[in-house]
Structure formats: structure tokens, C-alpha cells
Amino acid sequence: MYQWTKSYLHNRKARVLVDGHCGRKVLLRQGVPQGGVLSPTLFILFINDLVPELPKGVQAALYADDLVIWCSEEYATTAIYRMQLALEKVAAWAEDWCVTINREKTTATLFTLSAKATPGKLTLGDTPLKFEDQQTYLGVTYDKRMTWKQHIMNAEGKARRKLNIMRKLAGSHWGANEKILKTVYQGTVRPHLEYGSSSWATAAKTHQQALDKVQNQALRIITGAMKSTPIQKMEQVTGIPPLSKRRDCKTMVQATKYQCTHDHPMSDRLKKMSLGRLKRSSFALEARALQKKHQTEMPELVEPPSFSLDAPPWEDRQGNLDIQTSVPYLTTKDQQSNATKKALTLAMLEERYPQEAWIRVYTDGSATEAVKNGGAGVYVQYPSGERQAEASTVQTTELRYKH
């Protein structure tokens, strides 16, 4: 594997083509092929040793080449000191591995409820970092007081722009029916209204109601109802549940995922009682309140799924069963040698049923003059390389083939 990966990445060259003229070839000494299937995995392996290098008290999250680091402390000065140490580690790692960090896009934010706290100063190498009041990571905007107001305003703006598509479809000369309008809403508008909703579950109800109003307008477009039509009636007619219920459902699902992932930091936080020193809610409080509210419908114990191959796969996964009784290009007459027949059979198996992905089961049965000394055999070959053989009488053969 190492030799193959080295050959895949080593001695790669590129050149530019402009108006039919090619530039000189340039040897690419770093990076992975853009668009390659293996490129994301190789880059993850490359950057994976960065996080363990960070100092104690600093946490990190990686998604491809997007890195965010944070530190939670009682005093801002302590957090700034630890973050500066972390930035020095990141800069040293980047220099060692010939990685260029975009310093213009690298910014910092001090999250605090105190009006007296000052951001301080952070530098990445020789470049001082710019402090901003909000940060966007993976499409979710975090403001410095964690009110989620800016994120919800952005989501509302995107959703309202998409509502114009529904209005044009509803008011066009051919007039889209309710089914089409409902599909457009669920596919293009609602995703903006609830993206990352488990993250901003602690947002004020007034902020969340701004998103609910967008759905209410969409319901009136779908049904063609007047402003005086009750919202609940439109929800019943369209079969579209309130956004509040969908947000609660997503929050409980996310909490269950945390509880099943025992090594996740949120797993322990959900089990412990939260400190009530601030009049601010948290994801753990919201999740526990919802689980208590719906405890009659919730399972008593949720465990992560376990996978076992103790039972034969064909007993519970009939959908993956494929029966092959012929081999392409294989004749029934003795016109082909045994070596040719074997080669054709093996080629068909490798093409349609690769050994690493299929459990191959070979069966055969025969009897002398079709009535005497009958018997059958079954040969099983597993992806792991394990093999199993079984022989039976003619009576079992009949049952096996009927089954």
C-alpha cells in the first residue's frame, strides 16, 4: 500500500494550456490531485497529527482543511495565553510540513457575556489576527454572545429569497399544483430554515418565530389560502408539521447520538447536571427537558448499534441474495476445455461478485441414473477468506433446491 501510494503521488507534473499553447511542465512537490477519490482520505491522514500537538486546555475540530480551535476559561487573559501557545504550535507544524495558512481568513472571536472583557492580542507567526464579533463554521454563524441572532437572520433572508420561486410558480400561466409547490418548499426553502437547528436550540423564541413566519407564508402559497386562514388548518391540509416540532425532534435525535457515542465530550455533559449560575439555557438543558416531556414515547435505554456475523447473512438480508445459474460465453457442449471454462467462470465472479464484497455459495447435486446414490454439496467462501463445506443426502438436496 505504501509503494502504491508513493507511486500515485510521486513525480506528478502539471502545465497550463492557453489558446492552444502549453507551458512548461512543473513538478508538484506537495499536495494531492484535485478531484481524486483518494485525495480527501490522504489529506486527512496528512493533517491528523496536528490536533495532538495542541497544548492542554485547547480543543479543536477538523473538517477537511477547515480547522477551528477554542479554549474555555474563566478569565479572558488565560484563554488568550493558551490560544497563543496553540497558534505557535499550528505555525510550527505548518512550517515543518510546507503548508501555507491563509492568514487573511484566519480570525479570532472572544465569546463572553461580560462587557468589560477585552480581546487581547493573538498572532500567527508575525501576523496579528483580526478579532471579529462573529464566526461562521460549516454554515453556522456564532456571534460573540451566542444569541444566534445573526445566523437566524441569514437563514431567514436566504429562505425568503427562495419563496420568490414558489410565488412565480404559483402565479405562472400554467399554475403549479399543491404537490409541486410542496416539493419546492421542502427541497429549497425549509433546509435553510432548519439547518444546524440542534446547534441553535437555545436561541430566543422570538428569533425562532421569525423562521416560523416564513413557513407560514409558504403554506399560504401552497394552499392558496387567505391571511385569515388558521395556520393549523394549512398544516393539516399540506401535511407539513410546524418547524418547532421538527426542531425539537432534531434536538432529541442529536442528543441520542451523543449518548450513544460514549467517547464524545457531549456524552458526559448530558449525564451531568448543568450549573444554573446563568440565566441562559444550554443544549443539555434543552435536550433533557424535551426527553422528560416525551419520556412516555422515548425508549428506556439507547445503546449504539452492534454488528455481528454470527447469523448467516442470507437469513435476514434476502435483498442481497443473487442466484447465478449460468456463465456468459460458456457452452454446454464439450467445445471448450476445462481451463477455458474455469477462466470464464472466474472472470464472471470477479466482475459481478468480487470476493471482498460477496459471500460466495456454490451448490451442486447429482445421483446415479437420477434415482440412486443421490447427494449434494455446498461450498461457502467468505470475504475474510474463511471457507466452509457441507454434504447432504438426496432428500436434503430436494428441500434445499426448493427453498
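Before anything else, a term: buried means under 20% relative accessible area, exposed means over 50%, and partly exposed is in between (1.4 Å probe, protein chains only).

Housekeeping: this is a predicted model, where local features need pLDDT of at least 70, side-chain atom pairs count only at pLDDT 80 or more, and totals for chains, interfaces and linings use all residues. Residues are numbered from 1 along each chain as its sequence is written, and side-chain values use heavy atoms, with hydrogens and water left out.

Entry 1, L62. Is L62 buried, partly exposed or exposed? I got partly exposed, because its relative accessibility is 32%. L62 lies in strand 5 (residues 59–63); strands are DSSP runs of E, at least two residues, and helices are runs of H or I, at least four, numbered from the N terminus. Skipping neighbours within four places in sequence, I found L62 in contact (heavy atoms within 4.5 Å) with I47, V51, L67 and Y137.

Entry 2, Y137. Strand 11 (residues 134–137) and strand 12 (residues 140–143) run antiparallel, joined by four bridges; pairing takes at least two DSSP bridges. The two strands form a hairpin with two residues between them, and L138 in the turn has a positive phi of about 55 degrees.

I looked for nonpolar cores: buried Ala, Val, Leu, Ile, Met, Phe, Trp, Tyr and Cys residues joined through side-chain atoms within 4.5 Å. The largest has 24 residues, and L211 is one of those with the most contacts inside it. Helix 6 gives the most to this core, six residues.
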